[in-house]
Amino acid sequence: TLWDNYAQAIIKKSSSQPKDKAITSLSVFREQVYKYSAATSSYQDIVNSLTNQLVKTRWTYALEFEEDYQFDNAIAQYEAIKKENVSSYFTRATLRSLISSVKSGTLNKDIEDQIIPILDTRSFEPLHEDLAYRYSIYLLKHTRPSEAEAILKKYLPDESNLFSICNNIF
């Protein structure tokens, strides 16, 4: 259909645009699809294709922000990814958002309350280990060695260097 062809053209065009423009383009077109093509037989396929491309674009954009130490922008992209409810990205985006929060040093109680439950899920092991390691260091920097030790014992039992720091602080 015409909608299918147009969607493919928008997706293809987005891959050659700067990420912020691609995100805007995909979002605007998806809104148009919601408004004007709900009656077409391929409506759900078009929406899914646009959403998947939007999530992939946001993901690479967030990683670029993270590499450039622009953690607030990275967190915003990861949070937007979570709102899209694409199951293959939801947990990873949650983990990366928390890692970025720890990297930026801007943790608050709400963010800290999310860390242990997500560490308990045990999917995406390298990201869990990264979060546990960084969070332990954060706790040590903020003179909370007993909490850091508990994290290390549960999630990084082989991390001897941080264990020794915890023991030396006591």
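Is Asn 85 buried or exposed? Select Asn 85 and show its surface: this residue is exposed, with a relative accessible area of 60%, where exposed stands for over 50%, buried for under 20% and partly exposed for what lies in between, using a 1.4 Å probe and protein chains only.

Before going further, note that this is a predicted model, in which local features need pLDDT of at least 70 and side-chain atom pairs count only at pLDDT 80 or more, while totals for chains, interfaces and linings use all residues. Residues are numbered from 1 along each chain as its sequence is written, and side-chain values use heavy atoms, with hydrogens and water left out.

Asn 85 sits in the loop between helix 4 and helix 5; helices here are DSSP runs of H or I with at least four residues, numbered from the N terminus. Its phi is near 55°, a positive value in a residue other than glycine. Most residues other than glycine have a negative phi.

Next, select Tyr 69, which lies in the loop between helix 3 and helix 4. Tyr 69 is not a glycine either, yet has a positive phi of about 60°, and it is exposed, with a relative accessible area of 67%.

Now colour helix 4 (residues 71-83) and helix 5 (residues 87-104), which pack at an angle of about 160° with their axes 9 Å apart; the axes are lines fitted to C-alpha atoms over the stretch in contact, and angles run from 0 to 180 degrees between N-to-C directions. That angle makes helix 4 roughly antiparallel to helix 5, a term used for angles over 145 degrees.

Finally, select Glu 66, whose place is in helix 3 (residues 43-67), and which is buried, with a relative accessible area of 5%. Which side chains does the side chain of Glu 66 meet in a polar contact? One is that of Arg 96, at 2.4 Å, and another is that of Lys 103, at 2.9 Å; a polar contact is a pair of N or O atoms within 3.5 Å, where within protein one must be able to donate a hydrogen and the other to accept it, and residues adjacent in sequence count only if both atoms are side-chain atoms. Leaving aside neighbours within four places in sequence, the residues in contact with Glu 66 also include Phe 71, Ala 74, Tyr 78, Ile 99 and Ser 100.

Key: Helix = DSSP H or I, 4+ residues; strand = E, 2+ residues; numbered from the N terminus. Parallel < 35°, antiparallel > 145°, perpendicular 65-115°, else oblique. Contact = heavy atoms within 4.5 Å.
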